[in-house]
Amino acid sequence: MRRVARTAAAAVCTLSVLTLAACGSEGGDTATDAKKGGASSAAPTKDEPFADMSGPEVVNAALKNIRKATSLHLAVDMKTTDTPMKADFSTSIGSGKCTGTMDMGAGGSMAIIKIGETVYMKLDETMLRAQSKGESEADTQAAVDMVADHWMAEKASDPDTKDMIEFCELESLLKEFEDGDTEAKKAGTTTLDGTPALRLTEKDGKESYTILVSTEGDPQLLQVSSTGGDEPMTMTFSDIDKPVVAEKPAAKDMVDLG
């Protein structure tokens, strides 16, 4: 569970370079800091979801299943020592389509549309000014007047662009969700946006982690959240295997940087 939380934190921190925001340490590697053997769940009741599985078995099955996703909607809400950050993306493997938004609080916001190898980006004035620190006021204002709230087309292979589409690289992101949880405890049932779910929890020092797994069909990851640490976070998954709709912005809304 800690590995899942840190995957989200790492991805958000990568994108935070846009606004010069600094993220704290991700902490140790779960592979080395997780307690071997783990805690056992309480004895299952007759009507308990996945009654024949332990907490760690449910979590590991959910992680295994999410890695099979061909597309999904991903929402991340995170607070760092510098600024709140929110990401909301629909992304896919194979179709090359992705849409999403990033909100860096005081650092501004951006929107992304990826279609194949072309990435369309739209930055607001706040983010443009944050990126223009060190430039003259005249140059900064010229960039704002020309680019702010307009779409720009870039190649997905461009090094700077690649850092900005971290959440569009679904295959790479899902590879980080390795199983190996040994501590999760079942903590009753709940619902998330109307979907019945099993709640599982575990602790790591002062941090508490909660994971929600769908009880409809095979275990499917719905949400991971962490509290009590320096960077509390919630990561929510939905629309698994649903087609991603991405359309090229209208010409009137674009700016030609060439």
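Tutor: Start with Gln220. Beyond its neighbours within four places in sequence, Gln220 contacts Ala62, Asn65, Ile66, Leu212, Val213, Ser214 and Ile240. This is a predicted model. Gln220 belongs to strand β10, which covers residues 220-227. Is Gln220 buried or exposed? Its relative accessibility is 19%, so Gln220 counts as buried. The cut-off matters here, because buried means under 20% relative accessible area.

Now place the strand in its sheet. The sheet is open and has 11 strands. Their order is β6-β5-β4-β3-β2-β1-β11-β10-β9-β8-β7, and the pairing is antiparallel. In that order, β10 sits between β11 and β9. The edges belong to β6 (151-155) and β7 (185-192). Each of these two has a single partner strand, so one side of each lacks a neighbour in the sheet. On average, neighbouring strands are turned by 15° against each other, with direction ignored. As a general point, strands of a sheet pair through backbone hydrogen bonds, either parallel or antiparallel.

Val213 lies in β9, and Leu198 stands opposite. The strands β8 (residues 195-204) and β9 (residues 207-214) run antiparallel, and eight bridges join them.

Next comes the helix. Helix α3 spans residues 55-66 and packs on the sheet.

The model has one disulfide. Cys98 and Cys168 form the pair, with an S to S distance of 2.1 Å. Cys98 is in strand β3 (residues 97-103), while Cys168 is in the loop between α6 (159-164) and α7 (170-175).

Asp82 lies in the loop between β1 and β2 (84-92). Asp82 is partly exposed, with a relative accessible area of 48%. Asp82 and Glu231 are 149 residues apart in sequence, yet 9.7 Å apart in space, C-alpha to C-alpha.

Now the whole chain. The protein has seven helices and 11 strands. Of its 258 residues, 45% are buried. Take the contacts between residues at least 6 apart in sequence: 58% of them join residues at least 24 apart.

Last, confidence. The mean pLDDT is 80, and 81% of the residues reach 70 or more. Two stretches stay under 50. One is residues 1-8, for which the model has 44 contacts beyond four places in sequence. The other is residues 12-44, with 73 such contacts.

Conventions: Residues are numbered from 1 along each chain as its sequence is written. This is a predicted model: local features need pLDDT of at least 70, side-chain atom pairs count only at pLDDT 80 or more; totals for chains, interfaces and linings use all residues. Side-chain values use heavy atoms; hydrogens and water are left out. A disulfide is a pair of cysteine sulfur atoms within 2.5 Å. Helices (H or I, at least four residues) and strands (E, at least two) are DSSP runs, numbered from the N terminus. Buried means under 20% relative accessible area, exposed over 50%, partly exposed in between (1.4 Å probe, protein chains only). Contact means heavy atoms within 4.5 Å. Two strands pair if DSSP finds at least two bridges between them. Axes are lines fitted to C-alpha atoms, for helices over the stretch in contact, and angles run from 0 to 180 degrees between N-to-C directions. pLDDT is the predictor's confidence in each residue, from 0 to 100.
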